[in-house]
Amino acid sequence: MSVRELVVLGTASQVPTRHRNHNGYLLRWDGEGILFDPGEGTQRQMLRAGVAAHDLNRICVTHFHGDHSLGLAGVIQRINLDKVPHEITAHYPRSGQRFFDRLRYATAYRETVGITEAPVDADGPLARANSYTLQARKLSHPVESYGYLVVEPDGRRMLPERLAAHGIKGPDVGRIQREGELGGVSLEDVSETRRGQRFAFVMDTRLCDGVYALAEGCDMLVIESTFLDEDEELAVEHGHLTAGQAARVARDGGVRHLVLTHFSQRYTDPDEFERQARAAGYEGELTVAHDLLRVPVPKRR
């Protein structure tokens, strides 16, 4: 049975706290695992969350600030120590190649696993897997940063009443799905488009076109909300979002499940992020993330 869920490994911005590790997020998507922004301590958080190196197929780094990338060294070495039997692909801003190189070879270890480097330098598609395509959009931060979008291809939903009207049943249902036509009846006559699921990952950024493009029509949006609304000037200055800004992006983009994360250590009441997000008019499902949380991707519409 396929599983699509977000495993939250860490939710702190800039510095970890007693209760929040540096960033780290694993998206389980059917049989694959995509690790986003492994900050310091990610390897240990993976252990606590029951995530193994064998679960990883891709690593996606939004940018090379330490809270989003210092865990790369440990994760890559663990991948090699455990002799993961499949190749792993790493995506990251091409402008940070020197940082990736340093982290990949931070200390001596025996390389046993192929890490395919696939740096990002423009908006658009990055990779195609069995059940999704991976895309990137540039964000607005003091260093080059990209957000990521996982998109399932659209499918078809069979309509029982139309199948019955055309006398199609049993094995013939599968046949028309495979062949696209049966006895003069087309697949379009007895089905409708089933929109593929969308998952977006947006970290350190000001409001910009890339943020809105990534969020549009998403089933789940994982987005930074470093600041509360009263500190919006600080957010703009440092290239971040507030809870209200993130919620308005989700509201305007029709996001079904909003996951707020990447919280400044200055705040002690996580419930205030939810209050401000609701005050901004977001009415969908809302999660204020905490470490080691598991959040299922909403079922298809």
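Begin by selecting tyrosine 92, which is buried at a relative accessible area of 0% (buried is under 20% relative accessible area, exposed over 50% and partly exposed in between, with a 1.4 Å probe and protein chains only). The model on screen is predicted, so that local features are reported at pLDDT of at least 70 and side-chain atom pairs at pLDDT 80 or more, while totals for chains, interfaces and linings use all residues. Residues are numbered from 1 along each chain as its sequence is written, and side-chain values use heavy atoms, without hydrogens and water.

**Aromatic pairs**

Rings of Phe, Tyr and Trp (its six-membered ring) pair if their centres lie within 6.5 Å, with planes under 30 degrees apart counted as stacked, over 60 as edge-to-face and the rest as tilted. By this rule there are 11 aromatic pairs. In one of them, tyrosine 92 and phenylalanine 100 have ring centres 4.2 Å apart and planes at 10°, so the pair is stacked. Phenylalanine 100 is buried as well, with a relative accessible area of 1%. Tyrosine 105 and tyrosine 109 form another stacked pair, with 6.4 Å from centre to centre and 15° between the planes; here tyrosine 105 is partly exposed, at a relative accessible area of 44%. Then select Tyr25, Phe36, Tyr148, Phe199 and Phe201 together, which ring pairs link into a cluster.

**Proline 119**

Return to tyrosine 92 and ask which residues proline 119 touches, not counting those up to four places away in sequence. They are Ala90, Tyr92, Arg94 and Gln97, where contact means heavy atoms within 4.5 Å. Proline 119 is placed in the loop between strand S6 (115-117) and strand S7 (124-128); helices (H or I, at least four residues) and strands (E, at least two) are DSSP runs numbered from the N terminus. A C-alpha to C-alpha distance drawn from proline 119 to alanine 164 gives 50 Å, for a separation of 45 residues in sequence.

**The nonpolar cores**

A nonpolar core is a set of buried Ala, Val, Leu, Ile, Met, Phe, Trp, Tyr and Cys residues joined through side-chain atoms within 4.5 Å. The largest one has 32 residues, of which Leu221, Ile223, Leu258, Leu260 and Phe273 touch the most other members. To display the elements that give two or more residues to this core, select strands S9 (146-151), S14 (198-202), S15 (220-224), S16 (257-261) and S17 (285-288), together with helices H7 (209-215), H9 (243-253) and H10 (271-279). Helix H9 supplies the largest share of this core, namely five residues. Centre the view on isoleucine 223, which, leaving aside neighbours within four places in sequence, is in contact with Val202, Met203, Val211, Leu241, Ala246, Leu258, Val259, Leu260 and Thr261. A second, separate core of 26 residues includes Tyr146, Tyr148, Phe201 and Val259.

Serine 264 counts as buried, at 9% relative accessibility, and touches Ser13 and Thr226 when residues up to four places away in sequence are not counted.

**Helices H1 and H3**

Next, show helix H1 (residues 42-49) with helix H3 (residues 72-81), which pack at an angle of about 60° with their axes 8 Å apart. H1 and H3 are therefore oblique to each other. Thr42, Gln43 and Met46 of H1 meet Gly74, Val75 and Arg78 of H3. Within H3, the buried residues are Leu72, Ala73, Val75, Ile76, Ile79 and Asn80, and just after this helix lysine 83 takes a positive phi of about 50°.

Glutamine 45, in helix H1, is buried with a relative accessible area of 3%. Apart from residues up to four places away in sequence, glutamine 45 touches Leu9, Asn21, Asp291 and Leu292. Tyrosine 132, by contrast, is 87 residues from glutamine 45 in sequence and 26 Å from it in space, C-alpha to C-alpha.

**Two loop residues with positive phi**

Finish in the loops. Glutamine 14, in the loop between strand S1 (4-10) and strand S2 (24-29), has phi near 65°, a positive value in a residue other than glycine, and is exposed with a relative accessible area of 62%. Aspartate 30, in the loop between S2 and strand S3 (32-36), has a positive phi of about 55° although it is not a glycine, and is partly exposed at a relative accessible area of 24%.

Notes:
Axes are lines fitted to C-alpha atoms, for helices over the stretch in contact, and angles run from 0 to 180 degrees between N-to-C directions. Angles under 35 degrees count as roughly parallel, over 145 as roughly antiparallel, 65 to 115 as roughly perpendicular and the rest as oblique.
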